[in-house]
Amino acid sequence: MRIDDRPGSFARLAAAIGEAGGSLGAIDLVRVEKATKVRDVTVLADDEQHLHRIVDAVRDVEGVEVVNVSDRTFLLHLGGKIETHPRIPVKTREDLSMAYTPGVARVSRAIADDPEKIWNLTIKRNTVAVVSDGTAVLGLGDIGPGGAMPVMEGKAVLFKEFGGVDAFPICLDTKDPDEIVRTVQVIAPAFGGINLEDISAPRCFEIERRLRESLDIPVFHDDQHGTAIVVLASLLNALLVVDKRIEEVRIVTTGCGAAGMAVTRTLQRAGATWIVGCDEGGALYRGRPGLDEAKREYAETTNPENLRGTADELLAGADVFIGLSVPGAIGVDGVRRMADRAIVFAMANPNPEVDPEAIEGLAEVIATGRSDYPNQINNVLAFPGVFRGALDVRARTIDAEMELAAARAIAATIADDELAADYVVPSVFNRAVAPAVAAAVAEAAERSGAARRTRTPAPTSAGLP
């Protein structure tokens, strides 16, 4: 901010910040101008709205001009969050001749003669494309490919930090499934896997299916399968806490989009037999008018009693609620009608389907997608390890057996004697999770035939062609 260089100016500024509830931090002099001084003032605020109130109060101070406002989150993103670095030095003419021309021609010819050598002689072996069209970004909806970029960059950071996987954001300026599929197909030779992200339903189902059918590398829609893996892992542990079996519990879900449908399918593969899914119109049942193809297929394989009603009504006697929808999807009274020792996973972000504090004592195990409550269900527990394991065995796909293995590995990182109602999900910073998931996924891929090779540590240098 630019402040008049006269007695009392900064005091008035500090008073305005204090009266708005802000706390002064660092104060740095940027430069001295004629009759004014430019200072960089750091203020601690409770949240974004509080920051705006502080800024408005400062703008009302006579002799103070606000030049620029930022916060730590925006500063973290300045210039983007990822960059590339060479793995080899190029300091001499000899280095240059091997890394590039003329030496590189021999390597290119070796790959052309034997395409499998691309796995050893390029970055393909450890690289994943994070692909989005920006149509379903976080809770923001369709904000376009540019708006999606910070999220996809963040995904790349997590891939590297937790799985040692090099990932790159590919944000596409099209919503046409044909164009998305074709684009991913033509860039696929450079990557060892494709992570689809934040593509709206139902298009995401078709896009993933077509890519899985046409590519010989893993294609993984994290909003579907990553969520499903972590939900299953959390539920397996929660059921141990309440002494119930997945084959016997009654499960009600809200949200029948990409995540909701994938979670249901994964739970069914793990043994769940009684699941009723609900959208804004209530239960999905066979014969319900107005359902799209995906929801009709869902209704055909769930809701064994073909029940109708709202989510709150269906919760009567249910053992488990899984929310992948919106705030207010269920009420406290609905939870109150659940069976004894109930499990509630309310994962809408930032506001859960029901206030966790309002249902304390009504449900024995409560989990959310938030970091400020116990039992945070977060996809970062799954996707780094899943891709690490898939890349280690050069998997052709990520199949159902690999996903189930990943879920069981996540669950097993909490010892039985450590399990508790407020500890059924490992911390996202538990460094034992990704290696355990990677090993389990690789072993499952070898058993199912998805692996091209057995899991071995990546060599530090390539052998001769």
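1. The residues that line the largest cavity divide into seven nonpolar, one polar and one charged. In this division Ala, Val, Leu, Ile, Met, Phe, Trp, Tyr, Cys and Pro count as nonpolar, Asp, Glu, Lys and Arg as charged, and the others, Gly among them, as polar. The structure is a predicted model, in which local features need pLDDT of at least 70 and side-chain atom pairs count only at pLDDT 80 or more, while totals for chains, interfaces and linings use all residues. Residues are numbered from 1 along each chain as its sequence is written, and side-chain values use heavy atoms, with hydrogens and water left out.

2. The nine names in the lining may be checked directly against the model: Phe162, Val380, Leu381, Val428, Asn430, Arg431, Val433, Ala434 and Pro435. A cavity here is a set of points, on a 1 Å grid over the protein atoms alone, where a 1.4 Å probe fits but cannot get out, and lining residues have an atom within 4 Å of a point. The volume of the largest cavity is about 60 Å³, and the count of cavities of 30 Å³ or more comes to one. Grid points are joined across faces, edges and corners, and the volume is the space filled by probe spheres set on them. Helix 17 (residues 433–448) supplies the largest share of the lining, with three residues. Helices (H or I, at least four residues) and strands (E, at least two) are DSSP runs numbered from the N terminus.

3. Two strands count as paired if DSSP finds at least two bridges between them.

4. Strand 12 (residues 320–323) runs parallel to strand 13 and is joined to it by four bridges. Ile343 is the bridge partner of Val320, and Phe345 is that of Ile322. Strand 14 (residues 365–368) also runs parallel to strand 13, again with four bridges, and here Val344 stands opposite Ile366.

5. How do the side chains of strand 13 point, and are they buried or exposed? Ile343 and Phe345 point one way, Val344 and Ala346 point the other way, and all are buried. Buried means under 20% relative accessible area, exposed over 50%, and partly exposed in between, with a 1.4 Å probe and protein chains only. In a regular strand, side chains alternate between the two faces of the sheet.

6. Helices cover this sheet as follows. Contact means heavy atoms within 4.5 Å. Axes are lines fitted to C-alpha atoms, for helices over the stretch in contact, and angles run from 0 to 180 degrees between N-to-C directions.

7. Another open sheet has four strands in the order 6-5-7-8, with parallel pairing. Its edge strands, strand 6 (166–171) and strand 8 (219–221), each pair on one side only. On average, neighbouring strands of this sheet are turned by 25 degrees against each other, direction ignored. Strand 5 (residues 127–132) and strand 6 run parallel and are joined by six bridges; Val131 stands opposite Ile170 in strand 6.

8. Helix 15 (residues 383–392) lies across strand 5, strand 7 and strand 8, running at about 160 degrees to strand 7.

9. The bond from Ala201 to Pro202 is cis, with omega near 0 degrees, and Pro202 is placed in the loop between strand 7 and helix 9 (203–214). The bond from Asn349 to Pro350 is cis, with omega near 5 degrees, and Pro350 is placed in the loop between strand 13 and strand 14.

10. Phi of Asp198 is near 55 degrees; Asp198 lies in the loop between strand 7 and helix 9 and, at 4% relative accessibility, counts as buried. Phi of Asp243 is near 60 degrees; Asp243 lies in the loop between helix 10 and strand 9 and, at 66% relative accessibility, counts as exposed.

Terms used. 1 Å grid on protein atoms, 1.4 Å probe; cavity = no way out; pocket = protein on both sides within 12 Å on 5 of 7 lines; lining within 4 Å.
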